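Subject: Handing over a structure

Hello,

Here is the structure I promised to pass on. Please have a look at it first, and then read my notes below.

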Amino acid sequence: MADLFTYQNSYLVVVIFLALGILLPIVALSLGRLLRPNKPTEQKRTTYESGIDPFQDARVQFNARYYIFALMFVIFDVETIFLYPWAVAYEELGVFALIEMLIFVVMLLIGLIYAWKKKVLRWI
Amino acid sequence: MSGELFAFLVLALLAILGGILMLNLTKVIHMLLSLVLTFLAIAGLYVLLSAEFVAIAQVLIYSGAITIIMIFGIMLTRHNDTQKTKGNRTRNMVVGAGVVLFFFTMYFSINQVSFGDQATSLHVENTKQIGIELYSKYIIPFELMSVVLLVSLVGAIILAKRDDEEEAEQK
């Protein structure tokens, strides 16, 4: 039980870092707001785009093709998550788990090759 | 009040806050960010339950990958729309009554459930424990998982490629 409390207390450091991470930009920006001079003009308020006047809305409709990249990212992300417990417990598991993992990776490799053959991976 | 209870209350409130914000905000991107808040709060709850690996998976998969996929989904649609809800008093009353009823049902049913003794050794090499269980006892579900992932990958490609071909035909 004492061990469990050590585990929970060790997360206090994470909480402190989280609080620092949230507070730092807030404090820095509000201090900067107090310190800096504030004289806005119409010219200053325009968006800076390498000297070119901004045009159109930045939030345009994307091509459906990019969605595939996001989907493939999610699938291979899930695959990577499964690799972690395998790698950590590898010493205890031995060769059988290695073969299991090979089957798992080859399955997804088939998917990758299929995507490649279908020319999904090509960036236009 | 113990520190654990305090942390639970803060995280649970954050999770609920994220959900409520997601329902009430008007811009889709803001909704998505409040959903991320809920995901992160749930990851914190997993840490409280000594499930470190699940917490990291939650952060990586849900607040990382799933959010990106949702952003892409939003970018494909008309995302400049803002949602305006019309108030409907009778419907709100009915829904409110349902929520209260659900709360009391859950409250009384959960109160009587006993979960057995609290597990005290879950935090010791959490990832390793999961690895040993997953790759010795639950091999078939794990291999099925790869088939499911493969099917989803192939299915996504087939759907998206058809869209591309239709676009090409239109041009």
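Which residues of chain A does UniProt list for "transmembrane region"? The unreviewed entry gives residues 12-35, 66-87 and 93-116 of chain A. UniProt positions follow the numbering used here, feature names are shortened, and such annotations may be inferred rather than shown by experiment.

Some background before going on. This is a predicted model, in which local features need pLDDT of at least 70 and side-chain atom pairs count only at pLDDT 80 or more, while totals for chains, interfaces and linings use all residues. Residues are numbered from 1 along each chain as its sequence is written, and chains are lettered from A and ligands numbered from 1 in the order in which they are written.

Back to the listed spans. Residues 12-35 of chain A are 100% helix and 0% strand, with end C-alpha atoms 33 Å apart. For residues 93-116 of chain A the figures are 96% helix and 0% strand, with 33 Å between the end C-alpha atoms. (Helices, H or I of at least four residues, and strands, E of at least two, are DSSP runs numbered from the N terminus.)

Chain B has 6 helices and 0 strands. Of its 171 residues, 13% count as buried, meaning that 20 or more other C-beta atoms lie within 10 Å of a residue's own; 12 or fewer make it exposed, and anything in between partly exposed, with C-beta atoms placed from the backbone.

Now for where the chains meet. Chain A and chain B each bring 42 residues to the contact; two residues are in contact if their C-beta atoms, placed from the backbone, lie within 7 Å. On the side of chain B that touches chain A, α3 (52-76), α5 (126-136) and α6 (139-170) of chain B each supply at least two residues. The most come from α6(B), with 16 residues.

One residue to look up is I68(A), which sits in helix α3 (residues 65-88) of chain A. I68(A) is buried because 23 other C-beta atoms lie within 10 Å. Beyond its neighbours within four places in sequence, I68(A) is in contact with V120(A), A156(B), I157(B) and A160(B). I68(A) and V120(A) are 52 residues apart in sequence, yet 7.5 Å apart in space, C-alpha to C-alpha.

I68(A) also belongs to the largest nonpolar core, which has 10 residues, including L71(A), L149(B) and L153(B). (Such a core is a set of buried Ala, Val, Leu, Ile, Met, Phe, Trp, Tyr and Cys residues joined through C-beta atoms within 7 Å.)

Best wishes
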